[in-house]
Structures are given as C-alpha cells and as structure tokens.
Amino acid sequence: MTPAPLVQVDGLVKRFPGERGLFGLGRARRTVRAVDGVSFAIAAGQTLGLVGESGCGKSTVGRTILRLIEPDAGRVTLGGADVVALGGRELRALRRRMQIVFQDPYGSLNPRMTVQQTLAEPLAIHRLATGLEAKRRVAALLDEVGLDPAFAAAYPHELSGGQRQRVGIARALSVEPQFLVLDEPVSALDVSVQAQVLNLLADLQRKRRLTYLFIAHDLAVVKHIADDVAVMYLGKIVERAPATGLYAGPRHPYTTSLLSAVPVPDPKAQRQRIVLQGEVPSPASPPAGCPFHPRCPHPRKNERCRTEPPALREVATGQFAACHFAEQPM
Amino acid sequence: MTVWTWLALASAVAVALVAAAEVRRRAATRAAGRRFLRHPTATAGVFILAFFVTTALAAPLVAPYDPAGQLDPVHLQNQPPSTRFPLGTDVYSRDVWSRLVYGARLSLGIGTIAMLVAVTVGAGVGAAAGYFRRGIDAVLMRSVDVGLAMPRMFVLLMAVALWERLPLAVLVLLIGLTGWFGTSRLVRADVLSLREREFVAAARAVGAGPTRVIFRHVLPNAAAPIIVSAAFGIGNVILLEAGLSYLGLGVPSPLPSWGSIIYDGQPYIATAPWTSGFPGLAIALVVLALNAVGDGLRDALDPRKEAT
C-alpha cells in the first residue's frame, strides 16, 4: 500500500569534534554527537514532521541530508541516488532535486542581492534560464509564492519577514526540486503570517507533488501538515509514527509531555500539563542508559532506564518508540 | 604664474567644492550616509582629497612651469614665495608649486596602486583563510603573523639595497605586497562569521561552488572592512613612499614626488624652508583627510549600526 520512499535515511551520525589548539596540538575536547543514528523514510509526496527541542540535532539532520554538513556515518538516498557518496558534478546535479527553506528570513537572503538576483542565481548555476527567460521564470516563481512580480527589484531589507520567507521558498522552488527540507520555516514569523506560509507550503506540495521534511520545535505546527511525525531527543529519534496515531496515543513519555504543551483553543478544556524537570543534558556527555531518564516523568522509571538504552521498536502498527515501557504509556 | 594657471587653480577648488557638496547631498539620503556626515571632519576630508586629485589630474593646466625645468640656476635658486613663484623655487631654480602639483600625481598614484595591490591580496587571503579554515587558515594566518612582525620599512630598504636602480613599478608592487597583512585579518574575521550565515548555506544548497560563494555572497558583505582599510591604506603608503624618498631611496631624483621634494629641500631648510615645508604640508593634509574619510566610512559602514 505505501509507495516506495523517495527519501531514505539510515543510521545517520554527525559528530562535532571539540576544537583543538594550534596545529591540532593539545587535548581534543569532548565530541558532541549531534545526530546519533537517525533513520527514517519519507514516501514521495508525503511530509515527515521532525520535532524536538532546540539543540536536539533536528536541524543538523536536515542539513546533513542535503550535504550542507558532511555526515560521519550513515546512508542517505534520494530516489535511489546515494547522496553521501556523490561528489562534484553529480552532487551539484543532485542538488537540483533537493532544496531547503531556512528558519530565519532575515539571515537566509543575501542583503546585497535583489530578489531577482537571488532567484536567478540557481537558474544560472544549473543553466536553466538566462536573460529574459530568467526574468520571466522569476516573475512566475514570485507569483507562485503569492508575491507581486514587482518585488523582483527589491532588496531583502525592503521586505517584511513573511515576504522574505516567501522569497526563500521561491528560491528553493526555482530549481524544481522533488524534496524540500523545511527547517522551522514559520518559527520566526508572526502567528497570522505563520498560517499563510503553512497554507502556501501545503498548496505547493499538492501542486508540485513535493516531498517535505518539516522540522519544527513544537508539535502544534506539524499537526496540520505532517503525514508522519518523528520526535527527536538528544540526537536520537525517540518516537516515530503516523501523525494520527502519534497525536491520539503517544507511546514515549517525551512525546506525551510535548503534546501536553500544545495549546488547546478551548478555555474550559481540562487537561494535565506535564512540565519536564531540569535541562536537556549536554550532548557532549549524554546520560547512560535511556538518554531521557534524568527528566522522565514516567511513574515506572527504574534501574533499567539508567543502564540499558532502549531500542526504537515497533509498539503498534507503524508506531515506533524507544522506551522500555512503551506498552504502558503514561 | 599666468592668468590661465590661476584660473585652473580656481577651477580645481571649485570642482573640489562641488564634489564635496555632491557627496553631502547624496549621503544625506541614506542612513549610512548620514552616519558618514555625522563625522565632523569627513566632509572636509572629501574636499581636500577632491582638490588634490583634481590638481593631480589637471597638472599640466595648474602647473605654470615644467616641474623638472631649471629656470635660471644662477639667479633664481631658493627664491621665496612671490607672485611669480607662489611657493618659491628650490636650489635648482625649479618652481616648487609645479613640482608639488606633479608630485601629487606620483604620490597619490603610488598610494592608490599600492593600496589596490594590498587590498586585493589581503581580501583574497583573508577570504580563503576564513572560508576554508583548517590547514589553509593556519598556514595563511601564521604567514600573516610573520609578515606583521617584520618592520615594513626595513623590508623595503632591503629590497632597495639588493636591487640596483629599483624600477618604480617594482617599488610600488613591493609597497603593496608588504601592506596587506592587516586587511587580511579584518577580512578573515568577517568571513568567519559570514560563512555561517544562512544565505551562504542557501547558496551552497542550490549548487554554488566555493568561488561563487566567496565572490558573490561572502566578499560583497565584507565590503566595509575592505573599503575602510583601503582608505587608511593609501595614507600609509603615501607616508611610506615619502619616507623612502626622503631617505633618497624612493622615487629617483628628477621625478617629483612629495617625499623627494622634501629630500631636495632638506639641506636648505634654514634658508629656504618653503621647498620642504609645502610638500610636507601637502602630505599632512592628504593623510589627515584620508584618515578623516576612513573614520567616517568606518562609522558609516559598521554593520553593527546597520539595521538588518
């Protein structure tokens, strides 16, 4: 029933080594395991929501898939092509098929380039269009993301946050990709603008049959757009499930607590808010056993959680969780 | 001094005034420009620079005599300033004003060309070190440390000593090649932070190679330190060239540069102070003007003050 996955990620690992002194002398500092064995697949035309607190490695996953950061281990394939193994010309060709939209609409556009220049650059790099044809394509792109083609002459500082984000989306679309990494595309925007941009992304997905990896730091944003959701904690996926299953019955206590933080637009709603204690541990020295155990509110937490790291296993159909007590969720 | 040369001089002043007014008018329309104008001496600096550049460019019109022409070595040596010789004559009976005007060509030209060499190399090295980091960064920046540790004047003196009759082009090139170290550090610092910006990641994601990323995305955004160090750089080069020429090692004698005019007048400083005094004044004015403009540009282009 499920179509073949367009994007497949297997055992992705990214470590950031601590800085060393001059000429590599001195003791190396603790290595940070930003991404620690992440695996998932996204079917063509579907959206995977990747959710987690800041610093959990979710953005690193997105950038590593696009080879903006080199992975240390693991396999990434896009429509059968091995993303990690390619280099040079082949990698450049592959970049046409996968693009990224960034969180910060202020930092993601070159302040010295007009919208026209920003959008025409990918066309020039991939020799898709030049001159008048490029102008025409840029106008069409702006129209597609809901901006007046007159914005082509504007500089980023003349645009609002929402307008900039639309330009960022247009840039990603300019090379006609199949797969988009959306790295918190609405987190920096006002709530009203958030909805507009989310609707735009949903429309574009339908029209262009795009596949999304939607990175977000809260489950509320992802709910409306994702088919599947993966929850990350300290570089690992702790729960992965179809959106309906995950929102209806989370199996990992971390997911449960994140869900309890999602605001419900009903003042009379009675619910229990789970407030996690403590801070996210440093990824340079993750706790032994289950990485979540120091903050875990699960009543059955025991010695096993402190010593034995739980594997990500299928708890219900299509629903994976990395918790020893996934069968008895909170 | 004929009517024509006075007219030409008046025109040069007028051109400089118009240039300064125009700069003021244009600057007032932008936030960065207003920060430039807030610097009290910046406009004066623009005027002084515009004046010297105009006279240098129009030297044959502004200068009444041949700068190397000895008018009357017997009767006209070391004449004080008069209506005939506005800045007097030197010991060889050459008109100091004419030499000063032609000297502006050489001094400003050497300053500009050497600065261009220095800024180009500095920006390139800084961009490469900051963008590629790791080994390239370590090697380039340690070389910069070595370069900064060597006194520039002595490197140049050594070259002059080793090379008999050093061609002027080589001298300019050497001045430029010993002056890029500071620029490269400034540019590297900016590039280090720029390379982490998301628009650089976006450019790489759409397939831009390192060359395109550096020249289209990184360096244009590092323009501020490059422009500011260029402004200060010209002043430094002019001083350096004057120093070398003053030691008799820079611009060879019949050619007038401001440093070499000072050198020529130095033995008669007590009896004919105008020969050395006026070029000294010119150097001081131009270097001060360049520093004022550089300060103004630094205030104007400082990205921390720019609302993004």
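Q: Among contacts in chain B between residues at least 6 apart in sequence, what percentage join residues at least 24 apart?
A: The model is a predicted one. In chain B, 71% of the contacts between residues at least 6 apart join residues that are at least 24 apart in sequence.

Q: What box do the C-alpha atoms of chain B fill, and what percentage of its residues count as buried?
A: Taken along the principal axes, the box is roughly 75 × 50 × 30 Å. Chain B has 308 residues, of which 47% count as buried.

Q: How is the pairing of strands to be read, and what is the order of the open sheet in chain A?
A: Strands of a sheet pair through backbone hydrogen bonds, either parallel or antiparallel. In chain A, an open sheet of four strands has the order S2-S1-S4-S5, with antiparallel pairing.

Q: Why is one side of strand S2 and of strand S5 of chain A left without a neighbour in the sheet?
A: Strand S2 (32–43) and strand S5 (81–82) of chain A stand at the edges and each have a single partner strand, so one side of each has no neighbour in the sheet.

Q: How many bridges join S1(A) to S2(A), and what is the bridge partner of A:Phe16?
A: Strand S1 of chain A, residues 5–16, is joined to S2(A) by nine bridges, and the two run antiparallel. The bridge partner of A:Phe16 in S2(A) is A:Val32.

Q: How is the size of an interface described, and how many residues of chains A and B are in contact?
A: The size of an interface is often given as the accessible area lost when the parts come together. Here the description is by residues: 23 of chain A are in contact with 15 of chain B. On the side of chain A that touches chain B, helix H2 (88–95), strand S6 (98–101) and helix H3 (115–125) of chain A each supply at least two residues. The largest share, three residues, comes from H3(A). The residues of this side divide into 11 nonpolar, six polar and six charged.

How values were computed:
Residues are numbered from 1 along each chain as its sequence is written. Chains are lettered from A and ligands numbered from 1 in the order in which they are written. This is a predicted model: local features need pLDDT of at least 70, side-chain atom pairs count only at pLDDT 80 or more; totals for chains, interfaces and linings use all residues. Two residues are in contact if their C-beta atoms, placed from the backbone, lie within 7 Å. Ala, Val, Leu, Ile, Met, Phe, Trp, Tyr, Cys and Pro count as nonpolar, Asp, Glu, Lys and Arg as charged, and the others, Gly among them, as polar. Two strands pair if DSSP finds at least two bridges between them. A residue is buried if 20 or more other C-beta atoms lie within 10 Å of its own, exposed if 12 or fewer, and partly exposed in between; C-beta atoms are placed from the backbone.
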